[in-house]
Amino acid sequence: MKRGKIDVVFSVSRQRSFQILIGLGLLYFVVVTLEIPFVFRENDNRNTSSDELTGFISESVSSLQSEEDRQEIDAPMRPRKLSFKAPDGESLRPSVQSRASANLNILSGLKFMVNLNGSQGDQNRGFSELQKSAKDAWELGATFWKELVEGVSSNVLESKKAQENLTESCPHSISLTGAEFSEKGKLLVVPCGLTLGSHITLVGKPNRAHEEYDPKISPLKDGSESMAVSQFMMELQGLKTVDGEDPPRILHFNPRLKGDWSGKPVIEQNTCYRMQWGSALRCEGWKSKADEETVDGLVKCERWIRDDDNRSEESKTTWWLNRLIGRTKKVSVDWPYPFVEEKLFVLTLSAGLEGYHVNVDGRHITSFPYRTGFVLEDATGLSLNGDLEVHSIFAASLPTSHPSFAPQRHLEKSTRWQAPPLPHGPVELFIGILSAGNHFAERMAVRKSWLQFKQIKSSNVVARFFVALNGRKEVNVELKKEAEFFGDIVIVPFMDSYDLVVLKTVAICEYGVMRAAAKYIMKCDDDTFVRVDSVLKEVNKVPNDKSLYIGNINYYHKPLRFGKWAVTYEEWPEEDYPPYANGPGYVVSSDIARFILSEFGKHTLRLFKMEDVGMGMWVEQFNASKPVVYVHDLKFCQFGCIDDYFTAHYQSPRQMICMWDKLLAGRAQCCNMR
């Protein structure tokens, strides 16, 4: 009897064990079924990150893919479908993203092709320099990003951190004798670059002229076998970006004591990036014209005595007559050419607000305006070559820290400042904020101020920073970490340059349409304070079925033909620009953004080096087929801040926080401290 009961117990136990095993098997089958596609998706995402950088620039500098390769994108609130190829054929569509997936997807969705060959050159004549610089910037950016993803740049960061521990990593001043300068390869290293007020003093002596039988600065005159040459080159250099190329010349100062093809002593100044020289500024002994732009109030070229000056001595009678009736002109003082063979000179190069200034023996000689694309911190070295004997060099008023050295001083890595993930459906407004890689303080101030508007925190409005890659690899390492933590940065992987800001604008349109499915798209800068609630009220005043372009709009604005912002007739042949909103803050409706992407994909989007003017051109082109409502309002403030503003430009991080505090107190007022 007992044995029968035991058999029954064992039978029931075996049955339960069998049921448990079957249940575990079914559970395993379900998990595997769900996990396999997830794994493949993850692998696709990883492959995408390396494949996204394989292309850039068509004949119009931008290309997505051919029409037959494109796939339709399924996204809500799109009146018409637009073909737009995403990396590896994956569709970009608005969806809920987890924090992890958002951190992995920090690259812009644009896909470019490195191809300047084709039949579209005639359509884009006048933009070849922009095309070339964009192509170079993307190729270089692809290399930097690949290194960043593969972890190569981590070694750079570790070595940089080791440098930070050295008290002399960013010295306030540097002094070298001529012998020490020669031992260092005739290069004065300025680790943290220059800043406003920095100056470098050189004591040297030009060598006696020597004969050159194949001179590079001038062809030989008829019957001459050689030419007497005495010249030297002083150059502010940046970091070398590509092996096999010379580092960029941020300032090239070249006195030619015996002259060149002009036959008279001359000083030539220029810049050079990726082995391409800019437009030279030549000082030939004539003082700059009175109506020519100055640099910090100083003329670009001072006058010196020339052999061909037609100077005649005033007669004593004329001199006395002028004294009696009152002098009608200023007494001019003529100076000789500032450099003489085998004669000692003291040259001081100083960094002003608008450009570099050169003084020799206490007298101002030349001023060279800053060229777009270069900033003072880029000038990390001074080299001297040519017919010159260097006695000593002294650099002072140097920055004691580099903004890219310690971003942790600015970044407050708290989850409180992380961006909300993209919502399920469409959003009302997408804000693309243009920023630079090393603007850690600016981005942090924006996060702690106007990105805290309830419309953004509730995801009715989405904002993202759009950043290109920096020439300093350690900056890119920190940028990637920042993007992964905060989830609010979109990296457009090309080397940053002012002339290529237009590509970031296209990337903003792509993200706003394809990922956020936004009704309206706004572009602003990281030094712009935006009253999000007020901007929404303004755009909602226009009926939903109308195309919209709103901002501080310029009408009948004429292109500048001279100076820093000069535009050639090849770049823009007309006398007036189309109406355009100032770049620090404007809004377009999504149909205009989709039109821009469509033209971009068909290689017909005309790119312009000033992105706000470029947007005006695109809107005008769109307006030819569908009427656009232009809304002009001065409260989109271009030159600073006004009370009751919609946007305020040129706001420092401290001003951002101050303005936010005032808004919380119910006052839309400016803060004047910098």
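These legends walk you through a few close-up views of a predicted model.

**View 1. An open sheet built from seven strands.** Follow the strands across and you get the order E18-E17-E16-E19-E22-E21-E23, with mixed pairing. Strand E18 (489-495) and strand E23 (628-632) sit at the edges with a single partner strand each, so one side of each has no neighbour in the sheet. Going from one strand to the next, the twist averages 20°.

**View 2. Strands E16 and E19 side by side.** Here E16 (residues 427-435) pairs with E19 (residues 518-525) in the parallel sense, over seven bridges. Look for phenylalanine 430, which stands opposite isoleucine 521 in E19.

**View 3. Two helices packed on the sheet.** Helix H12 (residues 590-601) touches E19, strand E21 (547-554), strand E22 (580-589) and E23. The direction of H12 makes about 100° with that of E22. Helix H13 (residues 611-623) also touches E19, E21, E22 and E23, but the direction of H13 makes about 35° with that of E22.

**View 4. The buried residues of helix H7.** In H7 (residues 440-448), these are Phe440, Arg443, Met444, Ala445, Val446 and Arg447. They pack against E16, strand E17 (461-469), helix H9 (473-486), E18 and helix H14 (653-664).

**View 5. Threonine 366 and its contacts.** You'll find this threonine 366 in strand E13 (residues 363-369). Is threonine 366 buried or exposed? Threonine 366 counts as buried because its relative accessibility is 0%, and buried means under 20%. Leaving aside neighbours within four places in sequence, threonine 366 is in contact with residues including Phe253, Ile267, Cys283, Tyr356 and His357.

Terms used
Residues numbered from 1 in each chain as written. Predicted model: local features only at pLDDT ≥ 70, side-chain atom pairs only at ≥ 80, totals over all residues. Heavy atoms only, no water. Pairing = 2+ DSSP bridges. Helix = DSSP H or I, 4+ residues; strand = E, 2+ residues; numbered from the N terminus. Axes fitted to C-alpha atoms, helices over the stretch in contact; angles between N-to-C directions. Contact = heavy atoms within 4.5 Å. Buried < 20%, exposed > 50% of the residue type's maximum accessible area, 1.4 Å probe, protein only.
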